[in-house]
Amino acid sequence: MGNEACDMDSMVSALTFAYFLSKSLDCKRMPVPVLNVPRAEFPLRSDSAFLLRETGLSQDCLLFRDEVDLHGLHKNKQLTLTLVNHNVLPSADSELEDAVVEVIDHHLLQRPTSPSCPVTVEPVGSCATLVTERIAQKAPDVLDQQVAQLLYGTIILDCVNMAPEAGKVTPKDSQYTVFLEKRFPKLPKRGALFQSLQNAKFDVSGLSTEQMLLKDMKAASGGDLKLAVSVIYMTLEAFLQRRGLQQDLCEFCHNHNYNLVVAMTISFIDNKQPLRQLAVYSSSTVYREEMSKALEKAKNPSLDLKPMSSPYPDVKAFIQGNTLASRKKVMPIIADFLKERERKVYQSGNIEDLDLDNDFNQDQSDSQQCPEDTGIEYDGQVPPTPMNSLVEGCPLDNGLPKISPEVLVEKVTKMASMEDTSSEGQ
């Protein structure tokens with residue numbers, strides 16, 4: 001199973017490695033590739049859909065995340081899981097961690113070492129390169145024209161047609177690209193295949209803002225902050241000019257339970273030089289400023305962010321000077337920020353992290369409005385928690401005086417003291 005963005009690298013690495021395992025394992029085990037998105041979302045992966053058509057592989061043959069109960073299989077001790085194109089599971093799947101038996105990835109290693117789980121992690125341009133290497137070394141007969149074209153197209157796209165200026169390609173990517181070309185001379189011409197895949201990938205015509213955000217998205221969370229990091233295939237200027245964008249962003253957060261979105265746009269100047277821009281959206285000034293500052297101050301790597309104008313107060317926009325820093329390199333920055341933020345909150349005993357009853361919010365969710373509807377800024381997830389209704393102008397406060405965290409702590413402490421006194425009397 002690939003990562004939750006279910007990009008082409010995740011899809012092809014899962015498909016081809018499962019096929020390799022099916023030829024290598026005993027008949028008592030059934031390797032099955034799982035595409036880590038609901039089936040209904042797959043058409044948004046236009047480049048992957050194009051590659052499947054070109055290789056003659058029907059989507060009807062694929063298994064999607066909403067069609068298999070991984071958690072149920074795990075509870076019944078019927079699951080072993082191989083991760084490709086990521087090395088740690090998101091928090092929603094954390095209970096599946098002890099089912100992981102192998103990892104093949106090209107992202108920064110975040111997984112603790114374990115003798116029961118071999119890990120292959122190398123900073124190559126494409127995870128498909130590592131899968132190609134494994135197949136070539138262990139079972140070269142598994143490679144046929146169809147498998148080769150899936151792997152070849154993925155490596156070519158991930159490495160931006162092997163262009164050094166894009167900063168993606170490594171010697172190993174080049175080695176296995178040439179290996180596939182020599183072994184399968186009938187593969188499509190490199191430049192033509194790349195251009196076809198690139199055109200399909202960047203075709204966002206007819207997509208809603210929500211679909212554009214879901215097209216290539218990863219999630220991250222820590223404490224009270226849950227965010228989406230989406231790659232957008234157009235210039236940031238064009239994205240910000242979309243009609244009703246702020247309302248769309250608000251509704252996206254509401255519908256998917258996020259309270260912040262990082263949109264990383266990618267386009268190309270003269271089809272060669274990459275142009276990267278970045279936007280941070282949140283209806284919460286605190287979340288928006290914290291995330292923006294973390295990205296601006298990042299050193300490993302430095303993103304070289306320069307502010308640019310934004311038509312919306314809830315969106316901070318930047319030109320990203322470091323065009324080599326793709327989302328693969330930005331996600332560890334965000335992960336470190338979330339860990340540090342959670343550590344500070346824990347040390348300070350921040351009252352906003354109390355897990356309070358949310359029944360009231362469920363009753364209010366149908367009537368909850370976005371900032372553009374109300375003209376009022378609110379904090380946190382939508383619908384906001386009772387705690388967040390007391391800070392930063394939530395629509396639920398109706399203009400009532402704010403209760404400071406200190407006062408609230410004092411009230412909670414007094415309530416606890418009264419309960420202790422009452423129980424002693426009993």
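## Strand pairing and the sheet

Two strands count as paired if DSSP finds at least two bridges between them. In this predicted model, β6 and β7 meet that condition, with six bridges joining them in an antiparallel arrangement.

The pair belongs to an open sheet of six strands, ordered β6-β7-β8-β9-β11-β10, in which the pairing is mixed. Strands β6 (217-222) and β10 (305-308) form the edges, each pairing on one side only. On average, neighbouring strands of the sheet are turned by 25 degrees against each other, direction ignored.

On to β8, the pairing with β7 is parallel and comprises six bridges; A228 has V261 in β8 as its bridge partner. Strand β7 is largely enclosed by the rest of the structure, because seven of its eight residues are buried, where buried means under 20% relative accessible area.

Strands β8 (residues 260-269) and β9 (residues 273-281) run antiparallel and are joined by nine bridges. I269 is bridged to Q273 in β9.

## Helices on the sheet

Helix α10 (residues 245-256) packs on the sheet and touches β6, β7 (225-232), β8, β9 and β11 (315-320). The direction of α10 makes about 70 degrees with that of β9.

Helix α11 (residues 285-297) lies across β7, β8, β9, β10 and β11. Relative to β11, α11 runs at about 10 degrees.

Terms used
Residues numbered from 1 in each chain as written. Predicted model: local features only at pLDDT ≥ 70, side-chain atom pairs only at ≥ 80, totals over all residues. Heavy atoms only, no water. Helix = DSSP H or I, 4+ residues; strand = E, 2+ residues; numbered from the N terminus. Axes fitted to C-alpha atoms, helices over the stretch in contact; angles between N-to-C directions. Contact = heavy atoms within 4.5 Å. Buried < 20%, exposed > 50% of the residue type's maximum accessible area, 1.4 Å probe, protein only.
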